[in-house]
Amino acid sequence: MPKARKSKKLPIAEEELNKIASIINPSDSSVYYFGVRHHSPVASYFLTKIFAKFNPDLVLIEGPADAEYLIEDIINQKSQPPIAIHTYFSDKRNSLGYNGVLTPKEEIPLRISSWYPFTEYSPEYVALKLAAERGNEVHFIDLPLQDRLKFEKEIANDKSFFQKYSQWSERYLSESLFMERITKKSGMRSFNEFWNHNFEINAFHNSLEEYLQRVLTFAYTLRWFSEQNEEYPTWKTIVEREKYMARNIDYYRTQNPDKKILVITGAMHTVSLPFIKLKGKKGKIPKEKSSALAPYSYKRISDLSGYTAGIESPYYQSLVWDKIHQNNGQIYNEIALNVLINIKEELKGSNSFVSTADIMNAYHMAKNLASLRSRHQISLEDLRDAITASYIKGDIEIFGFDVIREAQRILIGSKVGSAFNSEGNPLQKDFYQQLKKLRLPKEDKTKNVRCEIYKRETHRMKSQFLHQLHYLNISYGKLEKGPDYIAKKNLELLTEQWRVRWSPYIDDAFPKLLPYGISILNVARNKLEEQIGEKYNSLEELLNYLVKALQMGFLDLFEDLIDQLNKRVNYGQSFTSIIRALSAGILLLKYRTSLITKYNKLVENFVYVTFTGATSKLKELIQLPEDEIEEAVLSLRILNQISLDYDLEFISAEILTESIGLLLDSSQKIVPRVEGAFIGLLFSHNKISEEEIVNRFKGRIHSNENIQGASEFLIGLFLLNKTVLITSDKLLEVIHTNLMQIKYELFLTILPGLRKAFTSLIPREIDYISSKLAKLIGIKPELDLGLISPEALSSLKEIDEQINNQLQEEWGL
Amino acid sequence: MSEEKQKNPVKKEIMRMPAEIRFSDQLEALKSIDEGDKPESWYLSPSRVNDFIVGREEPIKMKKGNKTVEVFITRKFYGNDIMIQRAIASLLSDRPLLLIGEPGTAKSWLSENLTAAICNNSLNVIQGTAGTTEDQIKYSWNYASLIANGPSLEALVPAPFYNCMKRGEIVRFEEITRCSHEIQDTIISILSDKVLAIPELPPPNDIVFAQKGFGVIGTANTRDRGVNEMSSALKRRFNFETVHPIKNIKEEIELVSKETEIFLEKAGIKRQPDLDVIELIVTTFNEMRNGISAEGIQVAKPSVVMSTAEAVEVSVNSAMYSHYIKNEDMNANSAVINLVGSVVKDNYEDLDKLRSYFNVIIKKKAEDKGKLWANYYDARDYI
Ligand SMILES: Nc1ncnc2c1ncn2[C@@H]1O[C@H](COP(=O)(O)OP(=O)(O)O)[C@@H](O)[C@H]1O
Ligand SMILES: [Mg+2]
């Protein structure tokens, strides 16, 4: 609960307050510093006011200086937000030292990319558009990515920093202890709520001056705290960036002595930049152009929100922007009502019916919540809470899904932007460069390409590239032959056989992939990462991605994947699907070890968790519906094989045998085939005596229930462990004598089952057993198979076939 | 499993005062600093109601006679604070509120404390059962007086709905889904018309209009079929809040030890609850309830709910057992002994589950975490 939410003055000293005042009302009337937060409609709103008031001639914006050439493309009519500047750096000289660590080998440079997304209401975009309308000159003044990385290298203490760079490039404003504390202290559930409360909803009625006072005071405090604690790992970079910006500002100022300059940066820089006294030349930028404009989507902007300064609900904010210039001040309440109505409409026809009374109630509730939380109007959080309380009729976990998904979908929105690139499509360029580098044909006819993936690094790279294209649906190559880890086929193959063919249509594929990156590798990786990150991946999908990650060479995604797989396995899976996952894990361990030594431990851990997960599911087996028994027992056999595999020394068969022992002792009814399988399993671990097997079998055959239980029992037993028959004379004898005792009609009813039980034996075993049996009943095998004539053999075959047919007709076997 | 069975065998109920009396000093203190706007009939404003439920860090200074005393507002409900805000906002709007969840998640406790803070009266309670009748909901008659004087206000015996509508207070309807469909229909008509007709009485007493502030907090148990079978007309009239078991082990430990302490004090036993032992109990409850251990290993869930309320019960019983039978402080042994009774009610499979939990999970913890857990593991022989 918010406590001291009344706007108290922050305990800031006189001197600091003067500093802030000097930013708001500067003595030097030629430069004005304006602080924003990315994607804040209210910031954009006040920005338009400052344009009108200050009337600048030149506008400087916190954007990467080396991407300045894209400004024309951004404001071009053909570009429509959401769009993003995508800049990237290819570490050809291994200056970061991660080539070969984060890339398959040293010769392959690490590529790092960074995104600057804009919506139509992002202050930077609004400024670019306004400046263009007014005919103002505009420049980007921030440090290029490449130089930024140089500083970050020193503080990046582990490789994950660069590995996940693109996700983190906006992390400055979201990963701060100060923000965490202030959020908690004010009783808000997230920093976004804190921000929306103080700097959007409760601020937009402010005068320009009051607003700036609020934002800059907060930014000042945040900055002060962060500086004291050096809490951003990237603090040093922030300082360097500001130096770079300050020099640039000084440069443009000296170049344009008579012009009024408006400097637009994140508020945290705005409270520092005016006080950095640096004389400047124009900041250096790399020669090579390494940026592109990419179409972006509301969805992706919102996806950022988990780990960076993205926003939760881009569409919602766009509604704010659409209405913000109206004089009627109740815009947030109006929007809330509209959203409530929208959701109701979308839910029509679904199971979650919402009535008009619910809308009204939700609206009132949202208003009550807003006032309980001291807000002037309904915030996104109030809206969400009202939806939860009024629209979900019942247990949120059972009935909440539709409503929450619909609300989420509406608030995020589906808008996709379009980007105009006057310099051509960089992704297309990369594709052709790769073809050349990997010596892949660029011809409009079919060619064969062989990749010896285990032997040769270059071949492996070729294969990875081809897999990436395939994954991205760029129709260039088709895998004809090769190990298939999903179907578990051809695993022994050491080479892949591809058929490839270039065609001019390929070029059509690139524009829509641009939002994911500007190299094939990055795009494939980002896409896969996005898929992996989806909330509701099934076990099968995740396994599929694991294989994809392997094939495309994104081993570093393993960690995430395995993590998710572990969670999945523990969450409502059936026994058989867990076993499927388990055997996939084992396959990975066995067949790709050479490739994934680094990741072996992870896979081992996965196998371990899956193995224990499977054992805890054994209970499911004892009362399975008929149509699931077959598969389950086969799965149990796999589980047993794994538990007996000495290579997997981290697996303890104890857990398995112990749980089965418990189940067998628990005096619960068990499906006969499963009982047989359990017994067979225990016998293969020497946990059970011949005696007990025999007794269990007797129990089945003499049971007053269904005599077929006996054959079912044997099916299960032999599937798991055939050696019983061979090692144990007793069992065979008991089977024999007991069968002899039952009535002929009864015998007929279990015959098909018996036959099935014995089909799991191979010919040699049958021979062995028949001779044992012959001895038992005191006859000699009469046929000397060695001397049999071809004629006899074929007539035997005929007889056998006849029996088979008959069995099939009568018993459906 | 019926909820009655899971209730505390130690008759805590008798010793328990209604919240408005038990916490009267806290309510008074909050009242003394209450400046916020509030609906006419509310005792405290919405923000202060919220404070009462989730507690305040700083004590409130209050004049008592000519002394100034400090009153701490304690946390009554552990868990999702946002849910509490929503519940209060629901009560502010015209909607009745239905708290649903598994048994022992403090639905009744929350309802009691909300009404204590909002109405300063948590005693307008209807206990829903299959046999609940209209009389118990609306009003009934004193037949002697009825026969002697004919229908009159004097002969009318008010029930919670009558009282609350008249005074603008909140009715607590416990286990609402256990009532028959006829009773549920009755509730629907009262809720939609906001009037209670008394056809037996002559005007103007033949009708009671709900005063502002009238409301309903229902509770329902998701282990019962009831919630899903509730008539959709009734469902539509309620705002639902799902009350989840406490997720955070630390909070659960805090709650359990606080409750144990209060109990020991009341029973006049001069011993302190042992936080370590409580950690063992709460961890077991938490992991078995969630079906997964802190190490990420799957745990078979027993058929009983393993609620926090029962964790309190086990903790209290374990302290009592140790005190009266062994003359010692609560410890791993007494914890396990009392755990068994709580987990294994009428289902022997649950015993196996508890055993295998000890054999796999506690064994691992004993290896990794040392003595305390090793003792606990050793005590498994009692299972
Ligand atoms: N989240 C919680 N916060 C506070 N107390 C709790 C919580 N969960 C359980 N309890 C304890 O459980 C006891 C019983 O809860 P009760 O209200 O009877 O449960 P329900 O009505 O949900 O079945 C409470 O008195 C309290 O001691
Ligand atoms: Mg209850």
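How do the residues of the shell around ligand 1 divide into nonpolar, polar and charged? The shell holds 8 nonpolar, 4 polar and 6 charged residues. Here Ala, Val, Leu, Ile, Met, Phe, Trp, Tyr, Cys and Pro count as nonpolar, Asp, Glu, Lys and Arg as charged, and the others, Gly among them, as polar.

The model is predicted: local features need pLDDT of at least 70, side-chain atom pairs count only at pLDDT 80 or more, and totals for chains, interfaces and linings use all residues. Residues are numbered from 1 along each chain as its sequence is written, chains are lettered from A and ligands numbered from 1 in the order in which they are written, and side-chain values use heavy atoms, with hydrogens and water left out.

Ligand 1 is surrounded by 18 residues (a residue is near a molecule if one of its heavy atoms lies within 4 Å of it). The closest are B:Tyr78, B:Gly104, B:Lys107, B:Ser108 and B:Trp109. Three helices of chain B, α7 (107-119), α14 (249-266) and α16 (308-326), each supply at least two residues of the shell. Helices (H or I, at least four residues) and strands (E, at least two) are DSSP runs, numbered from the N terminus. The most comes from α7(B), with 3 residues.

Polar contacts (pairs of N or O atoms within 3.5 Å) link ligand and protein. A nitrogen atom of ligand 1 lies 2.7 Å from a backbone N or O atom of B:Tyr78. A polar backbone atom of B:Thr105 is 3.1 Å from an oxygen atom of ligand 1. In the side chain of B:Lys107, an N or O atom is 2.7 Å from an oxygen atom of the ligand. Alone, ligand 1 exposes 580 Å², and the protein buries 94% of that (areas by the Shrake-Rupley method with a 1.4 Å probe).

In chain A, the axes of helices α29 (residues 672-684) and α30 (residues 690-701) come within 10 Å and cross at roughly 170°. Axes are lines fitted to C-alpha atoms over the stretch in contact, and angles run from 0 to 180 degrees between N-to-C directions. The two helices are therefore roughly antiparallel (over 145 degrees). Residues A:Pro672, A:Glu675, A:Ile679 and A:Phe683 of α29(A) meet A:Glu690, A:Ile693, A:Arg696 and A:Arg700 of α30(A) (heavy atoms within 4.5 Å). This contact has 4 nonpolar, no polar and 4 charged residues.

The backbone has some cis peptide bonds, including that from A:Pro81 to A:Pro82, with omega near 0°. A:Pro82 is in the loop between α3 (71-75) and β3 (83-90) of chain A.

Definitions and conventions. Angles under 35 degrees count as roughly parallel, over 145 as roughly antiparallel, 65 to 115 as roughly perpendicular and the rest as oblique. A polar contact is a pair of N or O atoms within 3.5 Å; within protein, one must be able to donate a hydrogen and the other to accept it, and residues adjacent in sequence count only if both atoms are side-chain atoms.
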